[in-house]
Amino acid sequence: MSKKSMQAVLVNEYGDPNVLKAVTIDRPQPQADEVLVRIVYATVIPLDFKIRKGWLQNVFPVTFPYIPGFYASGVVEEVGHMITEFKPGDRVFGGIKGAYAEYGVAKEQELMAMPESLTFEDAATIKAGAESAWKALFTEGELQSGQTLLLHAAAGGVGQFAVQLAKWKGATVIATASSSNVDFVKSLGADQVIDYTTTKFEDIAKDVDLVVDSVGGETESRSWTVLKKDGILVSLTQDPSQENAEKYGVTAKFNTKFPNREDLQHLTRLIAEGMIKAEIDSIFPLSQADQALEKSEARHGRGRILLKISPI
């Protein structure tokens, strides 16, 4: 029996967006413990272009050719005989490695069922932004009602969710953003938005309980002084300086814990019910994956960038 084919984007070498090639290849076959998903939307994240450029070879080694992408939403096409939670036709989202393709396979535990009121667009952003925000704020940051958060890059794919989730929790939110995004971040509910192009955030923010930093570098270096003693700094870009954490009497964290399945279900309900909104910056067809990654790399987007791959 001949194998079924699909459209996918392949990377054959490290380089700029022009190394991405749309091709026709064999559709993957799910193993006994795998789910085959027809992908509707794949999420474009900064990790995609960093791997493609060869910047993360020690952390994310690849074997050429490879299909980019980590997160997607779609419909279950086929399941292995060991799968008990899903069946063909189920709407799902989650971690699907090689998501820049019409079909992808995933382990059962990597997928979540979609509530009927959740759109495929919004579902594709959960693992690629909302989950990271939940992790940074609550799993790592231990944010509580009444505390104060300083959030960097608040208009980004993670930041947009972090503002809303922190306000939902009952925290005070001080956010940094560029001039063009100040009003947008205010609309998300931030109590105070600092235009980092004109104002130093450390001149405004004082004695905060939690800093969430998705910028790194100088931004992290300047953030230590705004924390109160025993405060927490959570970095989403690099392992933060433990030397500085000890110097300032605070805790610094980086990717040591992840939300559990119950947390993710709670987050999914908040988005499905409209209590937390997902901002979509732009949607590209699979054939324009190179343009989507160019936009992601430029870092001037507002919210998430998606690839529309299959009709619903």
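## Loops and secondary structure

Helices and strands are here DSSP runs, numbered from the N terminus. In this predicted model, proline 65 belongs to the loop between helix H1 (46–52) and strand S4 (71–79). Phenylalanine 64 and proline 65 are joined by a cis peptide bond, with omega at about -10 degrees.

Lysine 53 is also placed in the loop between H1 and S4. With a relative accessibility of 22%, lysine 53 counts as partly exposed, because the buried class ends under 20%. Apart from neighbours within four places in sequence, lysine 53 is in contact with Tyr14, Gly15, Asp16 and Glu297.

## Helix H3

Helix H3 spans residues 159–169 and is mostly covered, with eight of its 11 residues buried. The buried residues are Gly159, Gln160, Phe161, Ala162, Val163, Gln164, Leu165 and Ala166. Their cover includes three helices, namely H2 (120–140), H4 (182–188) and H7 (261–272). Strands S8 (148–151), S9 (172–177) and S15 (304–308) are also included in that cover. After H3 comes glycine 170, which has a positive phi near 100 degrees.

## Helix H7

Helix H7 has 12 residues, and the distance from its first C-alpha to its last is 16 Å, close to the 16 Å expected at 1.5 Å a residue. At the N-terminal end, H7 is capped by asparagine 260, which has a side-chain oxygen 3.1 Å from the backbone nitrogen of glutamate 262. Just after the helix, glycine 274 adopts a positive phi of about 80 degrees.

Buried residues in H7 are Leu264, Leu267, Thr268, Leu270, Ile271 and Ala272. An α-helix has 3.6 residues a turn, so residues three or four places apart point the same way. The cover over the buried residues of H7 includes strand S5 (91–95), strand S7 (111–113), H2 and H3. Threonine 268, a residue of H7, counts as buried because its relative accessibility is 3%. Leaving out residues up to four places away in sequence, threonine 268 touches Phe93, Pro115, Leu118 and Ile126.

Most residues other than glycine have a negative phi, and most peptide bonds are trans. Glutamate 142 is not a glycine, yet has a positive phi of about 55 degrees. Glutamate 142 is found in the loop between H2 and S8 and is partly exposed, with a relative accessible area of 40%.

Aspartate 207 likewise has a positive phi, near 50 degrees, in a residue other than glycine. Its place is the loop between strand S10 (192–195) and strand S11 (208–213). Aspartate 207 has a relative accessible area of 52% and is therefore exposed, a class that begins over 50%.

## The second largest pocket

The second largest pocket has a volume of about 210 Å³. Its lining comprises 15 residues, and those nearest its centre are Val62, Tyr66, Ile67, Phe70 and Lys97. Classed by type, the lining consists of 10 nonpolar, three polar and two charged residues.

Key: Residues numbered from 1 in each chain as written. Predicted model: local features only at pLDDT ≥ 70, side-chain atom pairs only at ≥ 80, totals over all residues. Heavy atoms only, no water. Buried < 20%, exposed > 50% of the residue type's maximum accessible area, 1.4 Å probe, protein only. Helix = DSSP H or I, 4+ residues; strand = E, 2+ residues; numbered from the N terminus. Contact = heavy atoms within 4.5 Å. 1 Å grid on protein atoms, 1.4 Å probe; cavity = no way out; pocket = protein on both sides within 12 Å on 5 of 7 lines; lining within 4 Å. Points joined across faces, edges and corners; volume = space filled by probe spheres on them. Nonpolar A, V, L, I, M, F, W, Y, C, P; charged D, E, K, R; others polar. Expected span 1.5 Å × (residues − 1). Polar contact = N/O pair within 3.5 Å; in protein donor to acceptor, adjacent residues only side chain to side chain.
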